[in-house]
Amino acid sequence: MNLEVKNLKFSYGHHEIVKDISFYAETGELVAVLGVNGVGKSTMIKCINKIHKPDSGEILIKGTDVSAMGSNELARNIGYVPQSSEFADGTVFDSVLLGRKPFIKWDVTEKDLEIVHEILHLLSLQKYAMRNVTELSGGERQKVAIARALAQQTPVLLFDEPTSNLDLKNQLEVLKIIKNIVKDKALSAVVVIHDLNLALRFADKFLIIREGRVYDFGGDEIVNERSISEVYGVSASVIVHDGCRIVVPQ
């Protein structure tokens, strides 16, 4: 098991945000995190990545407690793409190469360069390789942030709304790439996402959060009319089209 989260709790002062969340991600699995705004999805992701220190609970990567990892070891185990990524002035190639930093001992190796070239090609960013990242659009910069995380080649990937700045074509392309890499490389990905139909199209498991707690965790059968009504306050039908479940709001 690549990732296991047990009884995670986190508060801002006296305001409890994450309330006893437990779930896991097997190798080769993409877990979609669902729920309305403000229920603790992003905070939970930041706790897993040690940006926030949990009040209690346990986070294990391949059986090792994250709390015992130093920053370099953590970066070799978790790749993270936040909602909004900041970049230093520099080329797209160098920005993605930063993802290899936890593995570079003395100097950049041929392997590091090959990995960056491969990731740029996968995300159709090779034509931007020598462009300054600050000159790119918001959607293009988001793809660079995703490329940088993929270049880390970590067993666990965390994405906080990775498709929010992307058009439909790029949303489908990026999620397909993430899913394929997760499958091919036996990784695990946890993706906070608002689009239920994109989640149903690409995710293997679903973690539904309501008011900071786990509402449900499991396969696509848990994304149904009842859960959508109780979690989102929206009436919807869930139909099957070409073998894929689709949410149709009423």
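Me: Which residues does N49 touch, not counting residues up to four places away in sequence?
Reply: First, the idea: contact means heavy atoms within 4.5 Å. With sequence neighbours up to four places away left out, N49 touches L74, I78, Y80 and L158.

Me: What sort of model is this?
Reply: This is a predicted model: local features need pLDDT of at least 70, side-chain atom pairs count only at pLDDT 80 or more, and totals for chains, interfaces and linings use all residues. Residues are numbered from 1 along each chain as its sequence is written, and side-chain values use heavy atoms, with hydrogens and water left out.

Me: Where is N49 found?
Reply: Helices (H or I, at least four residues) and strands (E, at least two) are DSSP runs, numbered from the N terminus. N49 is in the loop between α1 (41-48) and β4 (56-61).

Me: Does N49 count as buried or exposed?
Reply: Read the relative accessible area. Under 20% is buried, over 50% is exposed, and in between is partly exposed (1.4 Å probe, protein chains only). N49 counts as buried because its relative accessibility is 12%.

Me: On to the sheet. How do I read strand pairing?
Reply: Strands of a sheet pair through backbone hydrogen bonds, either parallel or antiparallel. Two strands pair here if DSSP finds at least two bridges between them. Six strands form an open sheet with mixed pairing, in the order β6-β7-β8-β3-β9-β10. β6 (78-81) and β10 (213-218) are the edge strands, each pairing on one side only.

Me: By what angle are neighbouring strands of this sheet turned?
Reply: Axes are lines fitted to C-alpha atoms, for helices over the stretch in contact, and angles run from 0 to 180 degrees between N-to-C directions. The average between neighbouring strands is 15°, direction ignored.

Me: Which helices should I look at against these strands?
Reply: Take α5 (residues 138-151). This helix packs on the sheet and touches β6 and β7. Its direction makes about 175° with that of β6. Then take α8 (residues 225-232), which lies across β3, β9 and β10 and runs at about 35° to β9.

Me: How many bridges join β3 to β8 and to β9?
Reply: β3 and β8 (residues 188-192) share five bridges in the parallel sense. One place to look is E29, which stands opposite S188 in β8. To β9 (residues 205-210) there are four bridges, again parallel. There, V33 has L207 as its bridge partner.

Me: How covered is β3 itself?
Reply: Mostly covered. Strand β3 spans residues 29-34, and six of its six residues are buried. E29, V31 and V33 point one way, while L30, A32 and L34 point the other way.

Me: How many salt bridges does the structure hold?
Reply: A salt bridge is a side-chain nitrogen of Lys or Arg within 4 Å of a carboxyl oxygen of Asp or Glu. The structure holds eight. Among them is R100 with D112, at 3.0 Å, N to O. R100 lies in the loop between α3 (92-97) and α4 (110-122) and D112 in helix α4, so the pair ties together parts 12 residues apart in sequence. R100 is buried at 4%, and D112 is buried at 3%.

Me: Which salt bridge does K143 make?
Reply: K143 meets E173 at 3.2 Å, N to O. K143 lies in α5 and E173 in α6 (residues 168-184), so the pair ties together parts 30 residues apart in sequence. K143 is buried at 8%. E173, at 22%, counts as partly exposed.

Me: Which residues are linked with D204 in a network of salt bridges?
Reply: K179 and K183 are linked with D204 in that network. The D204 and K179 side chains meet at 3.3 Å, N to O. D204 is in the loop between α7 (196-202) and β9, and K179 is in α6, 25 residues apart. D204 is partly exposed at 26%, whereas K179 is buried at 19%.

Me: What is L150 in contact with?
Reply: Leave aside neighbours within four places in sequence. L150 is then in contact with I119, L123, L157, F159, I177 and I181.
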